[in-house]
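Visitor: I have a structure open and would like to go through it piece by piece. Can we start with a single residue and work outwards?

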Amino acid sequence: MKINSAILKNGVAMALHEIPEIDFISWRRWIIESCQLAKGRVISLLAEDHGDRMRLYGLLGIDDRGELRLAGTDLMKNDLRYPSLTPDLPEAHWFERELYEQHNILPEGHPWLKPIRRGDYAPFYRVEGEEIHEVAVGPVHAGIIEPGHFRFQCHGEKVFHLEIQLGYQHRGIETMFPKANPSRQAVLAESIAGDTVVGHALCYAHAMEGLADKSVSVRAKELRVVALELERMANHVGDLGMLSSDVGFLPASAYFGRLRGEFLNLLMELTGNRYGRSFIRPGGTLLDLSKEKILDFWKRLEKSEQEFRDVSDLFFSETSVLARFEQTGVISAELARTLGLVGFPARASGIGHDVRSDYPIGAYRVHKPPMVRLTTGDVYARARIRSLEVKRSLEFLKEGLKALTVEKTFLPCDRFKFSSLVVSLVEGWRGEIVHIAITDSSGKIRLFKIIDPSFHNWQGLQMAMRDGQISDFPLCNKSFNLSYAGHDL
Amino acid sequence: MWDILKNRWRQGYRTQTFPPRGSLPPPFRGRPAMDSRKCADDCRRCAEVCPTDAISTDPLRIDLGRCLFCQECVRVCSGGAIAFSQDYRLATRCEKDLVLEGDKMRLAQALEKKRLRLFKCSLKLRVVCAGGCNGCDLELQALNNVVFDLSRFGIQFVASPRHADGLIITGPVTVNMKLALAKTYEAVPDPKIVIAVGACAISGGPFEGSDKVLNGAHSVAPVDLFIAGCPPHPLTILDGLLRLLGRMKEG
């Protein structure tokens with residue numbers, strides 16, 4: 001079926017009247033067929049209140065072609081129902097639950113319709129029968145981690161089903177956004193997920209620059225990439241440390257933990273904060289690197305590379321580690337595609353999607369670290385891919401630091417196009433971060449939509465636990481290391 | 001086996017002395033210092049641009065319980081009245097002391113006698129993340145690594161509130177976490193202490209005003225120690241904890 005959907009570019013604003021409006025039935029078919037036949041993927045389904053109508057937007061990504069496609073449809077407010085997409089397209093599952101929760105839009109025939117953030121948590125999915133037992137964990141966990149509730153349906157040690165209930169971190173960021181002034185918006189974007197400050201700040205800034213139709217200087221683009229890759233490495237290395245302690249291999253846990261700090265300290269010397277806060281703003285970066293600092297960074301990266309290689313070799317050649325990782329929490333390529341997984345968990349299952357390659361922005365247009373892909377989809381693959389990505393990022397940064405251009409890093413960026421929509425995508429360390437902004441007729445933001453990669457990937461963790469053992473949960477969990485805050489917003 | 005030993009040898013000794021020699025390197029943003037004399041007449045630009053309303057003028061004051069150390073104020077100030085130093089010490093015993101004027105700050109004082117005697121040599125804390133972005137929790141976690149090595153000071157994070165002497169609360173306390181946090185607080189045996197880490201737990205931080213949050217730890221429990229920052233550096237947290245236990249020199 002030929003549907004006239006708009007083709008968007010990452011970070012380029014489009015006037016609202018240019019977005020095709022189609023009837024609901026065609027819209028639904030367009031989404032399902034694009035995903036099933038044309039290798040598309042749901043990036044977002046979102047709604048906006050238009051008085052007596054509810055406008056639904058579908059945003060799809062055809063990754064192979066690097067195309068973002070968008071089309072809208074209307075539902076009447078007095079009859080907010082439609083035949084659910086989920087039975088035909090499981091990756092729509094979470095989005096439909098979100099629409100139901102936020103806008104009261106009822107997807108008829110949705111298999112498990114309940115709010116994802118609201119706080120009324122019952123009922124949980126139950127398996128019944130002799131010797132079946134239920135294990136409930138959280139929201140307050142044993143470690144220093146975020147709150148969430150996990151409900152396991154078990155038979156002995158074997159897990160039949162895991163349901164994850166989030167929402168405890170819900171702060172109402174999306175609703176705060178339109179009311180906030182630009183300086184507040186920037187700090188809100190940086191507080192979506194504390195371990196992805198750079199990723200979200202860049203995504204927000206890129207969206208605003210798109211709305212203002214401004215581009216930033218080459219040096220700012222390069223420095224942003226330095227920060228983003230440092231964030232990626234710090235988190236990957238930190239997670240490898242956590243995985244080591246979860247299997248009781250303490251030497252690697254200590255060394256990885258310390259190495260994570262080295263990357264955070266570099267980020268601090270670049271940005272003034274260990275997590276990269278207040279560095280990226282619409283218009284560029286607020287700080288610059290001196291020549292001496294660049295040389296110092298280069299040397300320290302070189303040293304970290306050597307140390308990382310040592311610890312990584314030690315870790316991945318330890319048979320007791322491999323025995324716990326291999327064939328644990330397997331997500332097949334087919335399942336990953338069905339669930340619409342993004343980021344390194346998708347790449348660990350063999351799916352070749354990376355925003356840096358598919359929809360590159362800024363300095364990634366010129367250079368990017370080569371994509372890493374593995375096929376086994378188990379904890380091993382999700383751990384191994386981290387070390388490979390760290391290695392590639394290190395090489396990429398060392399190369400990039402040598403060739404920084406000299407330019408101003410910041411030019412003010414305000415005055416947004418009115419009645420426009422912009423989509424901004426960034427490959428954060430977890431995967432695809434998406435911010436969507438819509439401006440009103442005076443150029444003020446009237447809708448801001450955030451999709452953290454965790455939003456897609458929590459379902460992956462649930463499925464990875466099927467038929468596994470409860471004792472595999474820490475490994476599966478850390479191999480994904482999803483954000484509660486990024487999901488709950 | 002030999003590989004493990006070889007790696008151990010190469011890693012060497014990494015634990016940092018505390019308090020560290022010298023300050024943190026720039027551009028680290030620590031405690032701000034203000035000089036009202038440099039303010040232009042009737043200028044309120046810093047206060048207007050501050051994302052969390054942390055600044056008041058006449059006289060110029062910054063509330064560290066709200067400050068996110070974002071430097072927007074420094075960027076708009078033409079007279080250079082505000083400057084962020086590299087001083088990482090930012091913990092106080094009462095909210096009032098978080099409001100800075102000039103370049104002095106009254107840092108946290110030790111607990112009163114009874115609790116000090118109990119907790120001085122061994123303190124077990126339970127961390128509860130009650131909303132927020134997870135940034136403060138990451139820095140608390142980092143205190144356990146070999147560089148900061150929290151346990152050498154006799155302070156440990158424990159898994160159960162029943163094993164704890166007190167709570168560390170991060171995040172603005174979301175509506176959805178209120179009950180769980182209140183129950184955790186109740187489960188800690190008396191006498192107990194409560195520590196609020198980060199701008200969110202002190203004032204709600206960037207989320208202040210949202211109808212989904214309760215603007216800080218005080219909404220659930222009385223707070224004994226406020227550790228400012230967004231997120232506070234691990235050294236800031238360590239300094240605050242040791243001051244509470246009377247193990248740092250005053251000042």
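Visitor: Is Asp149(B) buried, partly exposed or exposed, and why?

Guide: This is a predicted model, so keep that in mind throughout. Asp149(B) counts as partly exposed because 15 other C-beta atoms lie within 10 Å. A residue needs 20 or more such atoms to be buried, and 12 or fewer to be exposed.

Visitor: Where in chain B is Asp149(B) found?

Guide: Asp149(B) is in the loop between helix H5 (135-142) and E8 of chain B. Its phi is positive, about 40 degrees, although Asp149(B) is not a glycine.

Visitor: What separates the C-alpha atoms of Asp149(B) and Thr17(B)?

Guide: A distance of 9.8 Å separates those two C-alpha atoms, while the residues are 132 apart along the chain. Thr17(B) belongs to the loop between helix H1 (2-11) and strand E1 (32-34) of chain B. Thr17(B) is exposed, because 6 other C-beta atoms are within 10 Å.

Visitor: Which peptide bond is joined in cis at Pro19(B)?

Guide: The one between Phe18(B) and Pro19(B) is cis, with omega about -5 degrees. Pro19(B) sits in the loop between H1 and E1 of chain B.

Visitor: Let's step back. How many helices and strands are in chain B?

Guide: Chain B has eight helices and eleven strands. Its C-alpha trace spans about 65 × 45 × 35 Å along the principal axes.

Visitor: What radius of gyration would a compact globule have, and what does chain B have?

Guide: For 251 residues, a compact globule would have a radius of gyration near 18 Å, and the 19 Å of chain B agrees with that. Buried residues make up 53% of the 251 residues. Of the contacts in chain B with a separation of 6 or more, 77% are between residues 24 or more positions apart.

Visitor: What order do the six strands of the open sheet in chain B follow?

Guide: The order is E5-E11-E10-E9-E7-E8 in chain B, and the pairing is mixed. Strand E5 (91-92) and strand E8 (155-157) of chain B are at the edges; each has a single partner strand, so one side of each has no neighbour in the sheet.

Visitor: In which sense do E9 and E10 of chain B pair, and over how many bridges?

Guide: Strand E9 (residues 166-170) and strand E10 (residues 193-197) of chain B pair in the parallel sense over five bridges. As one bridge, Leu167(B) has Val194(B) in E10(B) as its partner.

Visitor: Now the other chain. How many residues of chain A are in contact with chain B?

Guide: On the chain A side there are 44, in contact with 51 residues of chain B. Helix H4 (182-190), helix H7 (250-271) and helix H8 (291-316) of chain A each supply at least two residues to the chain A side. H7(A) gives the most, with eight residues. By class, that side of chain A has 21 nonpolar, 14 polar and nine charged residues.

Visitor: You listed H8(A). What do its buried residues pack against?

Guide: They pack against helix H6 (218-246), H7, helix H9 (319-325) and helix H13 (379-402) of chain A, together with H1 of chain B. Among those buried residues are Leu301(A), Phe308(A) and Val311(A). H8(A) has 26 residues and reaches 37 Å from its first C-alpha to its last, close to the 38 Å expected at 1.5 Å a residue.

Visitor: What does the domain assignment of chain A give?

Guide: It gives domain 1 (6-108) and domain 2 (173-456 + 476-488) of chain A. The centres of the two domains, taken over C-alpha atoms, are 27 Å apart. Their contact takes 22 residues from domain 1 and 28 residues from domain 2 of chain A. On the domain 1 side, strand E2 (14-15) and strand E3 (41-50) of chain A give two or more residues each. E3(A) gives the most to that side, with six residues.

Visitor: And E2(A), which strand do two bridges join it to?

Guide: Two bridges join E2(A) to strand E13 (residues 420-427) of chain A, and the two strands run antiparallel. The bridge partner of Ala15(A) in E13(A) is Ser420(A). These strands belong to an open sheet of four with the order E2-E13-E14-E15 in chain A.

Conventions:
Residues numbered from 1 in each chain as written. Chains lettered and ligands numbered in written order. Predicted model: local features only at pLDDT ≥ 70, side-chain atom pairs only at ≥ 80, totals over all residues. Contact = placed C-beta atoms within 7 Å. Nonpolar A, V, L, I, M, F, W, Y, C, P; charged D, E, K, R; others polar. Rg over C-alpha atoms; globule rule 2.2 N^0.38 Å. Pairing = 2+ DSSP bridges. Domains from an automatic or database assignment. Expected span 1.5 Å × (residues − 1).
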